Amino acid sequence: MWVVGIWMDPGIIEKIVGEMDDYSPDMGEIDGVPILQDTCNEWDEIYNFQAREDDILVASYPKSGTTWMQEIMDLVSLEGDVQKSMRAPCFVKVPFLELGKTSLQYAKVMPCPRMLKVHLPVQLVPPSFWDKKTKIIYVARNPKDCMVSYYHFQKMDNTMPDPGPWNEYFSSFLNGNVPWGNWFDHVIGWWKAKDQHKILYVFYEDMIEDPLREIKKVMTFMGKDLSEEVLQSIKHQTSFKIMKENPVVNYSNLSSVMDPAVSSFMRKGKVGDWKDHFLVSQNELFDAEYEKRMAGNGLRFRMKL
Ligand code: PPS
């Protein structure tokens with residue numbers, strides 16, 4: 001039962017979940033980027049979405065810590081009010097523009113200031129976000145942990161293509177043959193964009209290392225000034241342990257779509273889980289590709305802490 005402290009459409013959760021039950025894992029393509037066919041079907045409307053100056057957008061490659069950031073953003077905007085943060089699940093509080101018709105329609109009518117989510121590579125972001133100079137928080141995670149997390153997610157979420165065996169998935173991910181495309185293109189594209197737009201580029205590994213420091217960055221970027229006590233409470237409320245048990249963020253209300261028997265959404269929440277999945281030969285192959293793709297761009301990821 002949701003504590004409704006802020007306006008929301010009372011039937012919205014059921015509508016979004018109901019729509020997701022009908023999704024298929026078929027893939028399509030937008031400008032050469034592999035995207036789920038259900039998203040492609042809504043593409044014109046997504047691309048023409050009208051952003052506002054007072055929106056805040058969270059953008060990321062899938063499995064980079066988006067939900068964690070969504071919850072931090074919500075609690076910062078609520079100045080740490082945990083009760084209000086329980087008003088609705090994260091996919092209602094921060095609508096995901098590529099999720100489908102209902103989520104998109106809801107994003108258009110929800111009260112402002114809005115928080116919105118995309119997994120789009122930078123070149124596919126609706127132009128109105130640039131025109132309106134909307135603030136954007138980009139979350140990036142090291143590709144090895146991202147790949148492992150994505151593999152488990154594609155296994156448990158029946159709206160996603162089946163990842164196949166790990167060895168095959170390794171090649172698919174490396175070649176960018178997964179929903180939302182190539183990890184390298186994504187993180188590099190957004191890295192380059194951050195010098196031209198209001199983009200806070202945050203690393204998952206930094207959030208794990210020192211959550212309070214990163215929450216303070218988000219607070220400043222969002223134009224808030226919160227006390228140390230409130231910041232500590234946000235840190236606590238957004239810790240992995242608490243979020244894993246919190247129905248607002250753990251996607252337990254989507255069990256018809258995400259099978260908890262296969263994997264939980266809040267799976268491991270750590271840096272370095274890839275070591276339990278990568279073969280030595282895969283690691284060497286990945287490192288070679290990483291060095292090639294990342295050379296000279298000034299962007300570096302930590303694969304361990
Ligand atoms: S999605 O589906 O793309 O929006 O997924 P996303 O939220 O980006 O990423 C899910 C991974 O983030 C982990 N996570 C966290 N880690 C640490 N602390 C907190 N609070 C937290 N919240 C979410 C989540 O467990 C997924 O990573 P894995 O490695 O699979 O555990």
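First, the ground rules. The model is predicted, so local features need pLDDT of at least 70 and side-chain atom pairs count only at pLDDT 80 or more, while totals for chains, interfaces and linings use all residues. Residues are numbered from 1 along each chain as its sequence is written, and side-chain values use heavy atoms, with hydrogens and water left out.

Start with the core. A nonpolar core here is a set of buried Ala, Val, Leu, Ile, Met, Phe, Trp, Tyr and Cys residues joined through side-chain atoms within 4.5 Å. Buried means under 20% relative accessible area, exposed means over 50%, and partly exposed is in between, using a 1.4 Å probe and protein chains only. The largest nonpolar core has 108 residues. Which members touch the most others? They are Met69, Trp183, Trp190, Tyr201 and Phe301. Take Met69. Leaving out residues up to four places away in sequence, Met69 touches Val58, Ile137, Val139, Val202, Met207 and Val218. Contact means heavy atoms within 4.5 Å.

Now helices. Helices (H or I, at least four residues) and strands (E, at least two) are DSSP runs, numbered from the N terminus.

Look at α13, residues 211-221. Its buried residues are Leu212, Glu214, Ile215, Val218, Met219 and Phe221. Val218 is also one of the residues that Met69 touches. What do the buried residues of α13 pack against? The partners are α4, β5 (135-140), β6 (199-203), α12 (204-209) and α14 (228-237). Just after α13 comes Gly223, with a positive phi of about 75 degrees.

Next, α7, residues 101-109. Thr102, Ser103, Leu104, Tyr106 and Ala107 are its buried residues. Their cover includes α1 (12-21), α3 (43-47), α6 (90-93) and β4 (115-118). In the loop between α7 and β4 sits Pro113. The peptide bond from Cys112 to Pro113 is cis, with omega near 0 degrees.

On to α9, with two packing partners to show. Two packed helices are described by the angle between their axes and the distance between the axes. Axes are lines fitted to C-alpha atoms, for helices over the stretch in contact, and angles run from 0 to 180 degrees between N-to-C directions.

Partner one is α10. Helix α9 (residues 143-156) packs on α10 (residues 166-174) at about 125 degrees, with the axes 11 Å apart. That makes α9 oblique to α10. Angles under 35 degrees count as roughly parallel, over 145 as roughly antiparallel, 65 to 115 as roughly perpendicular, and the rest as oblique. From α9, the contact uses Pro143, Cys146, Met147, Val148, Tyr150, Tyr151 and Gln154. From α10, Trp166, Tyr169, Phe170 and Phe173 meet them. By class, that is 10 nonpolar, 1 polar and no charged residues. For the classes, Ala, Val, Leu, Ile, Met, Phe, Trp, Tyr, Cys and Pro count as nonpolar, Asp, Glu, Lys and Arg as charged, and the others, Gly among them, as polar.

The axes of α9 and α16 come within 11 Å and cross at roughly 125 degrees. So α9 is oblique to α16. Pro143, Lys144 and Met147 of α9 meet Asn283, Phe286, Asp287 and Tyr290 of α16. That contact divides into 4 nonpolar, 1 polar and 2 charged residues.

One more residue in α9: Ser149. Buried or exposed? Ser149 is buried, because its relative accessible area is 10%. Apart from residues up to four places away in sequence, Ser149 touches Lys63, Arg141 and Arg267.

In α16, consider Val280. With a relative accessible area of 63%, Val280 is exposed. Val280 and Ile56 are 224 residues apart in sequence and 41 Å apart in space, C-alpha to C-alpha.

Glu79 is not a glycine, yet has a positive phi of about 55 degrees. Glu79 lies in the loop between α4 (66-77) and α5. At 44% relative accessibility, Glu79 counts as partly exposed. Tyr251 is not a glycine either, and its phi is positive at about 60 degrees. At 8% relative accessible area, Tyr251 is buried.

Finally, Ser85 in α5 (residues 82-85). Ser85 is buried, at 0% relative accessibility. Beyond its neighbours within four places in sequence, Ser85 contacts Glu71, Asp74, Leu75, Leu78, Lys93 and Val248.
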